[in-house]
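Open the model in your viewer and follow the stops below. Each stop says what to select and what is there.

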Amino acid sequence: MNKKESFLRKPAVQTLLSSLICIVLGLFAGFIVLLFIDARGAASAMVDIIRNFFRYPSAAVALKYFGNTIVKTAPLLMCSLSILFAYKVGLFNIGVAGQYAMGAGLALYAALGWQLPWYVCALLACVSAALLGAISGFLKSYCNVNEVISGIMLNWLSLYTTNMVLTKVKETTSPYTKNIVNVNHSALLPNIGLNKVFNNNQYVTIAIPLAILLSVLVWFILEKTKFGYELKATGYNKNAAKYCGMKEKSNTILTLIISGALAGLGAAMFYLTGYEQWQCTQSSVPGMGFNGIAAAFLGGLHPVGAIFSSLFIQHITEGGAYVDKTMYCSQISDLISSIIIYLCGFVLFMKLFINKRLNAHDEKKGGKS
Amino acid sequence: MENQYAIEMLGITKIFPGIIANDDITLQLKKGEIHALLGENGAGKSTLMSVLFGLYQPEKGIIKKDGRQVKIQNPNDANDLGIGMVHQHFKLVECFSVLDNIILGVEPVKNGFLQKKEAKEKILALSEKYGLKVDPDALIEDITVGMQQRTEILKMLYRDNEILIFDEPTAVLTPQEIEELMQIMRNLSAEGKSILFISHKLNEIMAVADRCTVLRKGKYIGTVNVADTTMPELSRMMVGRDVEFAVKKEDRTPGDVILDVKGLTVASKLHKNNAVKDVSFNVRSGEIVCIAGIDGNGQTELVYGLTGLEPVKAGTVIMKGKDITHASIRERSVNGMSHIPEDRHKHGLVLDYSLEDNMILQRYFEPEFTSKAGTLKRANIRSYAEKLIDQYDVRSGQGAITKARSMSGGNQQKAIIARELDKAPDLLIAVQPTRGLDVGAIEYIHKQLVAQRDAGHAVLLVSLELEEVMTVPDRILVMYEGEIVGELDPKKTNAEELGLYMSGAKNDFRKEAAV
């Protein structure tokens, strides 16, 4: 086997390569769709999406808009951490979207209704989302209810609960919750000077470094601790975990609690910046949780990889907003970014494909030698 | 001149990266003969069969059918040539009837409607002709393993296959059923079918085969007439050295009772009925007690009850004088119970973990491997794993960091044995520890079991293999339908008597009918 091939065989290289291939495929598929809708503007629309904030010639302005992108990257990263943490333990926590919604609900109500400081708001968001995860975990462990089913059900439950609760703190004339900036300044996440770095973008807060720190922590727990060893063993082989005396039932519940807490904290990291207000009439859970699935896979199910994949996905999503709306309908940006995100989920498939090609190549070579 | 060979595989060479799986192998199957294919695990039997079925294309060599060269690109080509196979693990649809399973894929259809009546007549005729007793309307899940196997054979015959391959067909059968199968094979060959019989059980090959081809480490060793050879010679060809068939062990007087089971009743996970019914026995230090019986007579559930994998319904389990009936699995383990599980993939290993991570599965929480802060001590884990790998000769591609999934079955089993024995258990529960392993590995594992016994530990062996039951233990307990029906001394009993107990024909402890 030559050098080049053993290099391609490395798992890390394969993950990176398949992620990149998926990104290219996704961009290409998006381009094709744009071509079909209106061929004239397809190329420039694609450029708009990829450019995102780089479109601004002034570095200072671009930096400010880059700030906006990373403000929304932090919650996405938290959601993808939530997904991949559960996934490593063999659980598919699709309830992440509902846990995120529940976290948003508690964080905002604590901030606007109870006028509590940001750290209490964030803690409450964490706890509420963790409880939601615990319900799925309990049902899975003791009633053998698949976590995907209970997760989807709970998504709706938590959406309408949040809508109902937040109606009490909404603006009288609009369906949106009151702006934290006007109501309770102590509930805003601290900036620790980061806003200055991003050309006075007030939304850039400790959420961003905190999310990155948590990615590293998740990696450490999964790879370096006894706790992670047990959780992964349970995920890979529940029966073997039971056989060697691990508490596989409580491990399952604990995993979904932690996964939920990560998603809930993600919601707090976003809504406590005041960047966006909750719309109390919305009829679907925020897409953040679902995008977290794509980000987790695109990042090769690695906590550190998730940092970059979340940034990319958020970059594309933001970039979509710049597509020429006179030529394309207003939904186009969401459509294109979802196509790209959808194809980003194909990383595992790509990995399989690469390995198959390598094996076929080897077999051919083996024949000649 | 008429060609005397039904199928010929000439000079087959199949190379995988880094390994020559088949090196210039020749296999010639005469028309109407029973030809055994003998070899240890990893000798290249499966690869050779995969080439025959078109799953792999050989680098060199040709395949001839009736003297004519053929190209087999995929399993469909093999089917068209009349080659059929009974797999070791049956490929049957559990909730379908025997009839439905036989016609699956080749259903007789008229105007879009199934013609089951015709099919049934054909099946009954075949069943009559070859002495294959089946009930076409019974569901697979309701019939015995023996009948399931006959269904598989009928599947091949229904498709008018001329070349029948049996892949280790006797592993799941009772001695009586094995005898029946041998007769069926003789009938088939008398009717002109050519049979390829894959096995590593020498006595069966001696009993039924006409010729035998032996492979070793991917190489063709030779083809011999069974009538002209002996068992030791065949085993020498297969393993490359002399193998001790007899398990050597000195007489020993057992010591204290280590495991005492009283009135144990365990429910089956599948159907909630009691799979183990009021079972009592004990195991003393320095003895090997074997639970014998046909698969599915409650042995699995008995072990689940003893090890804590499933809760018990009634009765007590006492280990070293301590009641552990309701103790957790971890408590049992740290108190001196080791368990070599029946299914090494389901329970024994985390296949996606490395070998070293599997080696510490029972002790990862000990201070040697986990710091007070809860982080793993990787260096200690590595050196411990390497010590075990060395001591128990566990072979793998990359040593301690090899993924358990990529290791051979024999070495996976060795890894489990290393892990369980290194705990120096007072009680070792070994469930089918030699299942699917080759002669060399079996010999090794039997030696380890005897060493445990000689070191004064108690060993409870659960086995389906008749040879193992007769040679390894000091006492045999036979289980039938969830009850212990006999206690035998391996020195004083024989296979026939054992078979009678195993099939339920004899019962020393039959409970008096309730008055």
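One cut-off first: a residue is buried under 20% relative accessible area, exposed over 50%, and partly exposed in between. Keep in mind that this is a predicted model.

**Stop 1: a surface patch**

Select A:Ile212, A:Val216, A:Val304 and A:Phe308. Together they make a nonpolar surface patch of about 340 Å². Now show helix H10 (207–224) and helix H15 (303–320) of chain A; these are the elements that give two or more residues to the nonpolar patch.

Zoom in on A:Val216, which sits in helix H10 of chain A. Why does A:Val216 count as partly exposed? Because its relative accessibility is 41%, which lies between the 20% and 50% limits.

**Stop 2: the largest cavity**

Go to the cavities next. A search of the whole structure finds four of 30 Å³ or more. The largest holds about 80 Å³ of space. Select its lining: A:Tyr243, B:Thr307, B:Leu309, B:Ile329, B:Arg332, B:Ser333, B:Met337, B:His339, B:Gln362 and B:Lys423. Helix H10 (329–334) and strand E18 (337–340) of chain B each give two or more residues to this lining. H10(B) gives the most, with three. Color by class: four residues are nonpolar, four polar and two charged.

**Stop 3: the second largest cavity**

This one holds about 60 Å³ of space. Select B:Gly146, B:Gln149, B:Arg150, B:Ile153, B:Leu173, B:Glu177, B:Glu180, B:Leu181 and B:Ile184, which line the second largest cavity. Helix H5 (145–158) and helix H6 (175–190) of chain B each give two or more residues to the lining. Color by class again: four nonpolar, two polar and three charged residues.

Terms used
Residues are numbered from 1 along each chain as its sequence is written. Chains are lettered from A and ligands numbered from 1 in the order in which they are written. This is a predicted model: local features need pLDDT of at least 70, side-chain atom pairs count only at pLDDT 80 or more; totals for chains, interfaces and linings use all residues. Side-chain values use heavy atoms; hydrogens and water are left out. Patches are made of residues with over 30% relative accessible area and no salt bridge: like charges are joined within 9 Å, nonpolar side chains (Val, Leu, Ile, Met, Phe, Trp, Tyr) within 5 Å. Accessible areas come from the Shrake-Rupley method with a 1.4 Å probe; for residues, only the protein chains shown count as cover. A salt bridge is a side-chain nitrogen of Lys or Arg within 4 Å of a carboxyl oxygen of Asp or Glu. Helices (H or I, at least four residues) and strands (E, at least two) are DSSP runs, numbered from the N terminus. Buried means under 20% relative accessible area, exposed over 50%, partly exposed in between (1.4 Å probe, protein chains only). On a 1 Å grid over the protein atoms alone, a cavity is a set of points where a 1.4 Å probe fits but cannot get out, and a pocket is an open set with protein on both sides within 12 Å along at least five of seven lines; lining residues have an atom within 4 Å of a point. Grid points are joined across faces, edges and corners, and a volume is the space filled by probe spheres set on the points. Ala, Val, Leu, Ile, Met, Phe, Trp, Tyr, Cys and Pro count as nonpolar, Asp, Glu, Lys and Arg as charged, and the others, Gly among them, as polar.
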